[in-house]
Amino acid sequence: MRKELSLKRGLNLNLAGGVEMPSAPKEVKPRLVAVVPDDFPGLTPKVEVKEGDAVTVGTPLLRDKNDESVKIVSPADGVVKAIVRGARRKIERVVVDVKGATAAAAKVKADAGDAAAIKETLKVSGLWAMMRQRPFDIVPVDGAEPRDIFVTALDTAPLAVMPSIESLDSKALAKGVAVLARLTSGKVYVSVPAASAVEIAGAEMVGVSGPHPAGNVGVQIANIAPVNKGETVWTLDIVTLERIGRLFGEGVLDMTATVAVTGSEIDKPFIARTAIGADLTSILGGHIKGDIAHERIIAGNVLTGVHTGEDGYLHYPYRQVTVIPEGDNADEFMGWASMAPGKMSVSRSFPGHFLRRLFKPDARLNGGRRAMIMSGVYDNVLPMDILPEYLFKAIIAGDIDRMEQLGIYEIAPEDVALCEYVDPSKLELQKLVRDGLDNLRHELA
């Protein structure tokens, strides 16, 4: 019998610039593609190629120093254009100049003989790195068997568009579940919108409804089967599940990405079908309104995405690009304290709180950083059984025992993105949680 999960706490941001549905994807051939090691937390990258090397879909570009069988692979055919390094020779990205037609899929040999063979195939294909492990929200570490595996088929982030589960290959999804089921003695949970009647053989189906962050897999885990100390679970999205199913069912490594191009500064928001890691110049060319002095281009959504420029690239999980005003040329009476009805706010002090309309916010901070205010605002937008203010304070203090007691193993940076948005103290809570998880992992290693 299918489980139903109805969440009440959370917040949907009413932003202008959403894609009109239904919308047929627009084919976009990228000029360049790039893989960014920072998209894969827990992985220590080492370059496998040199500038000028010819690569095809599935050619390893990077490997993990801690587990050399874990690869990050090329998402397109072409030539390695640049290996970009930052401070202390940190690898920032590996850029591939796409040649010929955009071949974002390739035939490969997939071995599903036993659990070890499945893991090896996933690692070499690059799909292993597209999964995450809780606790710590990192690329899975081979060694501990996951208690359960969680797959999410909905994205409730602002302006996000997840491919409908009905439009995906049902045979590939079933094959993906069957493969993952061999890697755990527990269950493979698949969370779908409550209105969907789709059933996948072998999966424990969960219908989910509620405001954002209902689509976050961490929130789903916390409300279905929470992670306790000493336990490990793996997570992935429904698109990665389909890729795994196609890999083991058809021997095809699929590196295409369906991307929602959104935001108030996009002339006409649309769905793009392109390659993983595609350059944003190819995707956004000619689609930005250009009627303001400055735009904020975000690879991802406005809450968790990566601030990049038009010369940037798609970042994991490769589902969305958002363009909003930067706000550096804004000129309004009273600045951030303006009571104008066009200002979006969760506070009842602002008229915009009561208006049913779409807002066009910019990227300004609207206030200054200050000491943490124990106001309880975090609890209104975080549907998890934790005390966020106390957890954040424990992370700041580096108190490992308190962090464990207060639920650090259940949480990931994306889960506190709304807390960061409503925070009157303007704290960088996502960075705080990421640093806390990394420090805890190193302490326990």
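Predicted model: local features only at pLDDT ≥ 70, side-chain atom pairs only at ≥ 80, totals over all residues.
Residues are numbered from 1 along each chain as its sequence is written, and side-chain values use heavy atoms, with hydrogens and water left out.

Back to that cavity. The structure has one cavity of 30 Å³ or more, and about 80 Å³ of space lies in the largest cavity. Among the residues lining it are Val35, Phe40, Gly126, Met130 and Tyr318. What do we mean by a cavity? On a 1 Å grid over the protein atoms alone, it's a set of points where a 1.4 Å probe fits but cannot get out; a pocket is an open set with protein on both sides within 12 Å along at least five of seven lines, and lining residues have an atom within 4 Å of a point. Grid points are joined across faces, edges and corners, and a volume is the space filled by probe spheres set on the points.

Now the sheets. Four strands make an open sheet in the order β3-β9-β8-β5, with antiparallel pairing. β3 (32-35) and β5 sit at the edges, each pairing on one side only. Strands (E, at least two residues) and helices (H or I, at least four) are DSSP runs, numbered from the N terminus, and two strands pair if DSSP finds at least two bridges between them.

Find Val79 in β8. On one side, Val79 is the bridge partner of Ala54; it also stands opposite Asp97 in β9. β8 (residues 78-85) and β9 (residues 91-98) are joined by seven bridges, while two bridges join β5 (residues 54-55) to β8. In the hairpin of β8 and β9, five residues lie between the strands, and Arg88 takes a positive phi near 55°.

There's also an open sheet of six strands, β1-β14-β13-β12-β15-β11, and its pairing is mixed. Its twist averages 25° from one strand to the next. Inside it, β13 and β14 run parallel with five bridges, and Val190 has Met205 as its bridge partner in β14.

On to helices. How do α2 and α4 pack? Helix α2 (residues 170-181) and helix α4 (residues 238-250) meet at an angle of about 85°, with axes 7 Å apart. Axes are lines fitted to C-alpha atoms, for helices over the stretch in contact, and angles run from 0 to 180 degrees between N-to-C directions. So α2 is roughly perpendicular to α4; that label covers 65 to 115 degrees, with under 35 roughly parallel, over 145 roughly antiparallel and the rest oblique. Leu173 and Val177 in α2 are among the residues that meet α4, whose side includes Leu241 and Phe248. Contact means heavy atoms within 4.5 Å.

Last stop: the second largest pocket, with about 500 Å³ of space. Which residues lie nearest its centre? Of 28 lining residues, those are Pro163, Ser167, Leu168, Thr258 and Arg273. β17 gives the largest share of the lining, five residues. By class, that lining has 15 nonpolar, six polar and seven charged residues.

Notes
Nonpolar A, V, L, I, M, F, W, Y, C, P; charged D, E, K, R; others polar.
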